[in-house]
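Biologist: Hi! Could you walk me through this model before I start setting up anything on my side?

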Amino acid sequence: MDLFRLLGGGARFDKKRFKDDIKIIDPSAVDVDEQQVTQQEEDNNVDQQKALLNEIDFFKTTHTIVGGKKKASDSKKNKSKKEQAANGDNHEQLDEEDEEVEEIFQNQEEVQEFRKQNRIRIYGDDVPNPIRKFVNLSTPYYNIRPYIRRNLKENGFDEPTPIQMQSIPIIMKDRDLMACAPTGSGKTLAYLLPIIHDLNGPEKVGYRALVVAPTRELAQQIFREIKRISAGKKFKICMLTKATAATQAQDPKLRQKFDILISTPLRLVHAIQNEEMELDRVQHLVLDEADKLLELGFLEQMDEIFAACTNPNIQKSLFSATIPSGVETLAKTVMKDPIRIVIGAKNAATETIKQELLFVGSEDGKLVAIRQLVQKGLKPPVLIFVQSIERAKELFHELIYDGINVEVIHSERTKAQRDNIIDQFRAGRIWVLISTELMARGLDFKGVNLVINYDFPQTVQSYIHRIGRTGRAGRTGEAVTYFTKEDGPYLKSIVNVMRESGCEVPEWMLTMKKPSQNMRNQLRKSPIERKRINTISSYDKRKIAHKRDIIETSKRRKMEKQTVAKKSDEQSSA
Ligand SMILES: Nc1ncnc2c1ncn2[C@@H]1O[C@H](COP(=O)(O)OP(=O)(O)OP(=O)(O)O)[C@@H](O)[C@H]1O
């Protein structure tokens, strides 16, 4: 398929009324919350389930329950009979089971009310009902493995977030999905849980799930999340790097041993082109930060990845906090009868973030504003975004001379440096981190208190993702965006996001004109030219550094003297 051809079209989605969905079984029937599930118990449990539900096909029943229309997705997987039995696939028995238990929802009105309460909007045909709680997944209807529930509990995932409530049942039914939910709202688990469930266990037949992410840092984070949620099952998970790619290139048999692959597009395309990677058995393909991956720059690579995933029954999921309509159009062309979910307002920022726009006059005013913040007392960790590597370095040199515990991260730093900086920032040893767009998407730093957009973001999407590094998983956070006269024409786009996400905006800002599409495209392509961040001459910088060195040396000497004095006191008193 040629995705380029499709750029620029307008989105149109089928908004047919929701049909009656299948009945869902009462969670209280099997409440593993109350159970201490050991590995042995788990195996027994699975065996019992197998015996009880022998040959039940839960998800294939939809065509009988939902209203006669058998969907292609219902018979998707190339599962062997043995696998189907293990998963408890059999129609008739489900109907019996179904009648014996209470439903989670009594009727479709209740389902719609529940979605409304949780701000879940859905578009598409035959959309599965959401789950209310994780425990619902333990019923025979979903038949989720106890070890997954145990892992949820151990990681403190007590209740599902709205995106998880709705996307888990959708992916479990093998439906293609396009999901737009706020930053920090648990999208990773929303796709990983049903995939891990479906893969069931290690199989040594080659990659069966593929997650693509735009940056190496995000891919690594996803790798860790998979490990957490699949703990206890010995899935072979590969994070594609230069090293892992080289090992697998030498040994095709080794590739067969893996179940799940996480990669950035470029690395994967390289392996595909060198015939070092087979993706023909991939059953689940996820694009995390999908809108980024379907932008020019990544699009050509994604095209190759789609082409390499040849399994006709593949289930595809696209996740992001921002999905512009052009991307929806594109995405529709690579998906089969997709369901679309939007949580909250579309393309809005997370509501737990207090957002502020601050006029700083000029470029120099930005440094003044930062220094004032420091004087008032910064509450670390703080993340500062700038628009280029050059500016990241310049700002770093300014702040380091202020004696701030600051680091800088961008793509010119080595991988080892980047990994180290992220670890240190996570551990709270770096207080202020200056970054380019590299860190804007997906990275989960739970404790970030403040995001400063030192340079005005080039797109609304960038704004939403950047500030989304704070206020995650229900926490509160603050974001301040500096703007100068040059940024003025673009302000209204951000004002709209602020208003959509419930932030107070000064009256005069609301009356501003929105930038034209042309202007926005221009800014997307190239950032505003700005004066260098440089208030201190190199002579002064050297002087400050020299002074600091003298103070440090004198402090060290004083400490050494005190230690020697203490020792001799101790010796004489002994
Ligand atoms: N059900 C849950 N209960 C509690 N915490 C959760 C739950 N699901 C996910 N989390 C936590 O919420 C945080 C944010 O999750 P995640 O990184 O998946 O967000 P996201 O929606 O992908 O954000 P972004 O759009 O920025 O990538 C993580 O620390 C994750 O462990």
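Biologist: What am I looking at, and how is it numbered?

Modeller: This is a predicted model, where local features need pLDDT of at least 70, side-chain atom pairs count only at pLDDT 80 or more, and totals for chains, interfaces and linings use all residues. Residues are numbered from 1 along each chain as its sequence is written.

Biologist: Thanks. How many helices and strands does the protein chain have?

Modeller: There are 23 helices and 14 strands in the protein chain. Helices (H or I, at least four residues) and strands (E, at least two) are DSSP runs, numbered from the N terminus.

Biologist: And which domains is the chain divided into?

Modeller: Domain 1 (2-98), domain 2 (108-343), domain 3 (353-525) and domain 4 (538-574). Those bounds come from an automatic or database domain assignment.

Biologist: What does UniProt list for the chain?

Modeller: An unreviewed UniProt entry gives "domain: Helicase ATP-binding" for residues 168-341. That span is 44% helix and 17% strand, with its end C-alpha atoms 12 Å apart. The entry, unreviewed, also has "domain: Helicase C-terminal" at residues 352-513, a span with 37% helix, 20% strand and 27 Å between its end C-alpha atoms. UniProt positions are in the numbering used here, feature names are shortened, and annotations may be inferred rather than shown by experiment.

Biologist: Where does it put the Q motif?

Modeller: The unreviewed entry lists "short sequence motif: Q motif" at residues 137-165. Residues 137-165 are 45% helix and 0% strand, and the end C-alpha atoms are 10 Å apart.

Biologist: OK, domains 2 and 3: how many residues are in contact there?

Modeller: 14 residues of domain 2 contact 14 residues of domain 3, a contact being two C-beta atoms, placed from the backbone, within 7 Å. On the domain 2 side, α9 (216-229) and α13 (290-293) are the elements giving two or more residues, and α9 gives the most, with 3 residues. That side has 4 nonpolar, 5 polar and 5 charged residues. For those classes, Ala, Val, Leu, Ile, Met, Phe, Trp, Tyr, Cys and Pro count as nonpolar, Asp, Glu, Lys and Arg as charged, and the others, Gly among them, as polar. Taken over C-alpha atoms, the centres of domain 2 and domain 3 are 29 Å apart.

Biologist: Now the bit I care about: which residues are closest to the ligand?

Modeller: Thr 183, Gly 186, Lys 187, Thr 188 and Ala 473 are the closest of the 20 residues that surround the ligand. A residue is near a molecule if its C-beta atom, placed from the backbone, lies within 6 Å of it. Helix α8 (residues 187-199) gives the most to this shell, with 3 residues.

Biologist: Which domains does the shell draw on, and what is its make-up by class?

Modeller: Domain 2 and domain 3 each supply at least three residues to the shell. By class, the shell has 6 nonpolar, 10 polar and 4 charged residues.

Biologist: Switching topic: how many residues are in the largest nonpolar core?

Modeller: That core has 125 residues, and Ala 179 and Ile 384 have the most contacts inside it. A nonpolar core is a set of buried Ala, Val, Leu, Ile, Met, Phe, Trp, Tyr and Cys residues joined through C-beta atoms within 7 Å. α8 provides the largest share of this core, 7 residues, and domain 2 and domain 3 each contribute at least three.

Biologist: What does Ala 179 touch?

Modeller: Not counting residues up to four places away in sequence, its contacts include Lys 187, Ala 190 and Phe 319.

Biologist: Why do you call α19 largely enclosed?

Modeller: Because 8 of the 8 residues of helix α19 (residues 460-467) are buried. Buried means 20 or more other C-beta atoms within 10 Å of a residue's own, with C-beta atoms placed from the backbone. The elements that the buried residues of α19 pack against include α13, β10 (382-385) and α20 (491-500).

Biologist: Last one: is Lys 292 buried or exposed?

Modeller: Lys 292 counts as buried because it has 25 C-beta neighbours inside 10 Å. Lys 292 is in helix α13, and leaving out residues up to four places away in sequence, Lys 292 touches Pro 214, Phe 298 and Arg 441.

Key
Buried ≥ 20, exposed ≤ 12 C-beta atoms within 10 Å, placed from the backbone.
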